[in-house]
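Hi,

Here is the structure I promised to pass on.

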Amino acid sequence: MNNEKKPTGVDLLSTAAPYILPYLPPADLSAISLTCKTINLVAKSVSVGRSSDASRNSEKHPIPFINSGVDNHPYAYFTYTPTQIISFTDNPPRQPWGSCSNERPGSTLSRLKSVEDGSACECERSNGDFLGCPCFRQRLPGLIWECGSGCMCVPECRNRASQGGVSVRLKIVRSLMKGWGLHADQFIKDGEFICEYAGELLTTKEARKRQLIYDKLASNGKHTSALLVVREHLPSGNACMRINIDATRIGNVARFINHSCDGGNLSTVLVRTSGALLPRVCFFASRDILKDEELTFSYGEAGLNSTGSKCFCGSSCCSGFMPSEHT
Ligand SMILES: C[S@@+](CC[C@H](N)C(=O)[O-])C[C@H]1O[C@@H](n2cnc3c(N)ncnc32)[C@H](O)[C@@H]1O
């Protein structure tokens with residue numbers, strides 16, 4: 001005789017729900033949480049997991065959302081990518097987030113630490129020739145050349161500072177006037193790498209199309225977008241290359257960095273890596289940054305390009321209005 005009890009519908013539901021619910025966007029999660037007690041409990045734990053780490057275990061430390069009673073937003077929903085990707089024309093694929101089974105990758109995501117004495121960089125030598133590494137041949141203002149697949153050096157090489165993802169402790173804090181903002185959760189030294197601006201790489205045509213949609217959505221005051229346009233001036237001085245990165249649907253923590261009219265405490269640097277076709281846009285501390293300070297940079301000059309949206313950066317030179325990028 002078989003004494004084993006057959007699982008009930010509730011048993012099956014509580015087994016399956018933790019695997020399915022982390023794939024749901026907030027509106028669907030909230031709707032399904034009303035169906036029964038079991039689902040409600042799982043939905044609550046998914047929300048708690050989401051607000052505890054925006055990076056979905058992709059970065060070295062968790063990056064929590066902090067909302068100390070400003071409003072009822074526990075987190076912002078988007079698909080996470082630690083580095084730039086080619087754009088999606090359709091909706092991005094669903095990514096689970098908030099599951100308690102997610103494990104921080106730790107050593108599997110080869111963490112790159114800077115080596116103070118520089119002796120780890122073997123790329124300077126090629127057959128005994130110290131001019132072997134392409135990264136050291138060209139240095140231009142606002143541009144850093146890092147070692148890459150074309151170099152012989154170890155991942156710990158100090159000339160790969162921006163390649164290991166976010167290694168400083170950060171948090172995403174809600175404010176009444178600016179929405180979410182990225183803050184330091186530790187002291188950060190002047191010049192330290194903070195994060196890449198990761199998102200979808202767009203053609204200029206696609207960037208212009210999306211900007212029109214975002215401007216329309218923003219006019220009802222409920223939508224924030226994160227489309228960054230950076231221009232790389234070529235050595236001739238006569239031409240420049242445009243890089244359009246949209247972190248609105250798919251991005252990383254850089255999508256939460258707010259604007260400051262005084263230039264803020266971050267510098268925007270283009271990083272070219274040996275062996276890679278396209279540069280990456282990276283943020284470095286432009287001065288020492290204290291724990292809890294908000295991280296900001298200038299989106300551009302307000303002047304004639306202003307969208308008319310009010311700026312709440314609070315700096316002494318605030319123009320009162322947010323700059324806009326003419327895409
Ligand atoms: C890249 S997002 C930054 C993250 C955003 N605060 C959020 O909650 O997702 C850019 C948007 O943030 C808001 N923002 C950024 N800096 C601001 C500032 N100084 N004053 C007011 N709003 C700001 C604007 O709505 C802007 O369109």
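**Sheets, helices and the ligand shell**

Strands here are DSSP runs of E of at least two residues, helices are runs of H or I of at least four residues, and both are numbered from the N terminus. Two strands count as paired if DSSP finds at least two bridges between them.

Before I go on, two notes on the model. It is a predicted model, so to speak of local features pLDDT of at least 70 is needed, side-chain atom pairs count only at pLDDT 80 or more, and totals for chains, interfaces and linings use all residues. Residues are numbered from 1 along each chain as its sequence is written.

β7 runs antiparallel to strand β13 (residues 280-285), and the two share three bridges. If you want a place to look, find Glu196, which stands opposite Cys282 in β13.

Strand β10 (residues 240-251) pairs with strand β2 (residues 79-80) in the parallel sense over two bridges, and Thr79 has Ile250 in β10 as its bridge partner.

β1 pairs in the parallel sense with strand β5 (residues 170-175) over two bridges, with Ile172 in β5 as the bridge partner of Phe65.

Now the ligand. Which strand gives the most to the shell around the ligand? That is β6, with three residues. Both β6 (179-184) and β11 (258-259) supply at least two residues of this shell. Of the 16 residues around the ligand, Gly179, Trp180, Ala226, Asn258 and His259 come nearest (a residue counts as near if its C-beta atom, placed from the backbone, lies within 6 Å). By class, the shell has nine nonpolar, five polar and two charged residues. Here Ala, Val, Leu, Ile, Met, Phe, Trp, Tyr, Cys and Pro count as nonpolar, Asp, Glu, Lys and Arg as charged, and the others, Gly among them, as polar.

Last, a helix pair. Helix α1 (residues 9-20) packs on helix α3 (residues 37-52) at an angle of about 15°, with their axes 10 Å apart. That makes α1 roughly parallel to α3, the term for angles under 35 degrees. Axes are lines fitted to C-alpha atoms, for helices over the stretch in contact, and angles run from 0 to 180 degrees between N-to-C directions. The contact involves Val10, Leu13, Ser14, Ala17 and Pro18 of α1 and Thr38, Ile39 and Val42 of α3 (contact means C-beta atoms, placed from the backbone, within 7 Å). These residues divide into six nonpolar, two polar and no charged.

Cheers

Methods:
Angles under 35 degrees count as roughly parallel, over 145 as roughly antiparallel, 65 to 115 as roughly perpendicular and the rest as oblique. Two residues are in contact if their C-beta atoms, placed from the backbone, lie within 7 Å.
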